[in-house]
Amino acid sequence: MIRTHRPAAGVCALLAALAAGIAFPGHAVADETEQAAPKVELVLDVSGSMRTADIDGGTRMAAAKQAFNEVLDATPEGVQLGIRTLGANYRGNDRKEGCKDTAQLYPVGTLDRTEAKTAVATLSPTGWTPIGPALLKAADDLQGGDGTRRIVLISDGEDTCQPLDPCEVAREIAAKGVGLTIDTLGLVPDAKTRDQLSCIADATGGTYTSVQHKEELTDRVGQLVDRAADPVVTPVATEGTDQCSSAPALKSGLYTDREEFGQQRWYKVDVKPGQELRASVSVAADRAVNADYGVLLRAVTVHGREIVRGEASGLGRTDVISTGLRYPKAESDDDDTTPETVCLQVTNSFSAASGVKTSPGLPVELTVDVVDGPSKASDVASFGLGRGWWLLGALVLTGFLAGLVWGWVSRWRVAVWRTN
């Protein structure tokens, strides 16, 4: 049996699915119908520090312009793309005015590559770094429609408009359940900038990337724009129960639920001989919680015998905690195809911070995948080593034979030395 720890899933995906309505108990699988046009907004820091010349001999602004031009050329058809700036217009020293300096350079919509490139060419590093206000405006720019929505923030420094903390802004955006992901890129970032941009990305299930070279910037922005065009699987709301016998029967798909603090929820899946069950769960802290928490995912038989488990713990550094498991069911010797009902138990050890409401429960995302198993299911389960067990055995045998040969050679050399 294999226990895996999978990377955290996005908070925004969990909350978006829950906003669609969780009151409908589900036996359905994830909907993969035709998706609406994806929307992406590139948010570029044009503050004064972008004049710094430390990226491949040129300024950070020059690297960003080159990256934007190449990305605009490669943007997939059907992606609605826009560009927003921060710190591009106000040149004064009035902080209040500087913190309002965010504008939409190119509106989100069908891309006119020439017009967008012309707009980018006019940019010149100017003012402050109002990241928080820019994110709020960018979220408004992407409203409407049911497709993927993604903000790609490129900045070289910390927000200069506190107390509007951009990390808290990102959490507020995620809590609205608008299904919006924020990815961040730091241009030659220092430690504080890296921490802030990482926090923004983590809050919405996005990614953070540190950039030192022009080629890295171009490649990463292009990847994120392309990712927005990928098909999206819409999670299906389900409702777990307090025991397996009455739990909803799930098929392969992506599901959402809510779970109270310290509660356990049950679901069940049918697995035929020769198939493999792969399941993962993510629990999101959508409110203030105490540090030191965990999540447990167990697969058990209908009689209560544990088959395999996955578990993960956290110390308050992330907003989502995830784990997963795999269970390969061996082929039947008598060609029996009767499926086995596997009960999945999800338990969390979150606790609410003082004064925080405990209801509704925490958002839960459950992924279930039942696939054809390996030729021998026992190979996958062997001591948690999978098929690498055979490689380990070969290495042990090789080491044993090498030891014998070395011992014989050593004894022969000693015998020759004594003779001489």
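Buried means under 20% relative accessible area, exposed means over 50%, and partly exposed lies in between (1.4 Å probe, protein chains only). Keep those words at hand for this tour.

The model is predicted: local features need pLDDT of at least 70, side-chain atom pairs count only at pLDDT 80 or more, and totals for chains, interfaces and linings use all residues. Residues are numbered from 1 along each chain as its sequence is written, and side-chain values use heavy atoms, with hydrogens and water left out.

**Stop 1: strands 11 and 14**

Select Glu276 and Arg326. Their side chains meet in a salt bridge (3.0 Å, N to O). A salt bridge here is a side-chain nitrogen of Lys or Arg within 4 Å of a carboxyl oxygen of Asp or Glu. Glu276 sits in strand 11 (residues 275–284) and Arg326 in strand 14 (residues 320–328), so this pair links distant parts of the chain, 50 residues apart. Strands (E, at least two residues) and helices (H or I, at least four) are DSSP runs, numbered from the N terminus. Now check the cover. Arg326 has 25% relative accessibility, so it counts as partly exposed. Glu276 is buried, at 1%.

**Stop 2**

Select Glu340 and Lys329. Another salt bridge joins their side chains (3.2 Å, N to O). Glu340 belongs to strand 15 (residues 340–348), while Lys329 is in the loop between strand 14 and strand 15, 11 residues apart. Glu340 is buried, with a relative accessible area of 16%. Lys329 is buried too, with 18%.

Next, select Arg298, Glu306, Arg309 and Glu311. Salt bridges that share partners join these residues into one network.

**Stop 3**

How many salt bridges does the structure hold? The count is 16. For one of them, select Lys117 and Asp73, whose side chains meet at 2.5 Å, N to O. Lys117 is in helix 4 (residues 113–121) and Asp73 in helix 2 (residues 60–74), so the pair ties together parts 44 residues apart in sequence. Lys117 is partly exposed at 26% relative accessibility. Asp73 is partly exposed at 47%.

**Stop 4: the negative patch**

Select Asp56, Glu70, Glu215, Glu216 and Asp219. Together they form a negative surface patch. Patch residues have over 30% relative accessible area and no salt bridge; like charges are joined within 9 Å, and nonpolar side chains (Val, Leu, Ile, Met, Phe, Trp, Tyr) within 5 Å. Which helix gives the most to the negative patch? Helix 8 (residues 214–228) does, with three residues. Finish on Asp219, which lies in helix 8. Asp219 counts as partly exposed, at 40% relative accessibility.

Technical notes:
Accessible areas come from the Shrake-Rupley method with a 1.4 Å probe; for residues, only the protein chains shown count as cover. Lys and Arg count as positive and Asp and Glu as negative; His and the chain ends are not counted. The place of a charge is taken as NZ of Lys, CZ of Arg, CG of Asp or CD of Glu.
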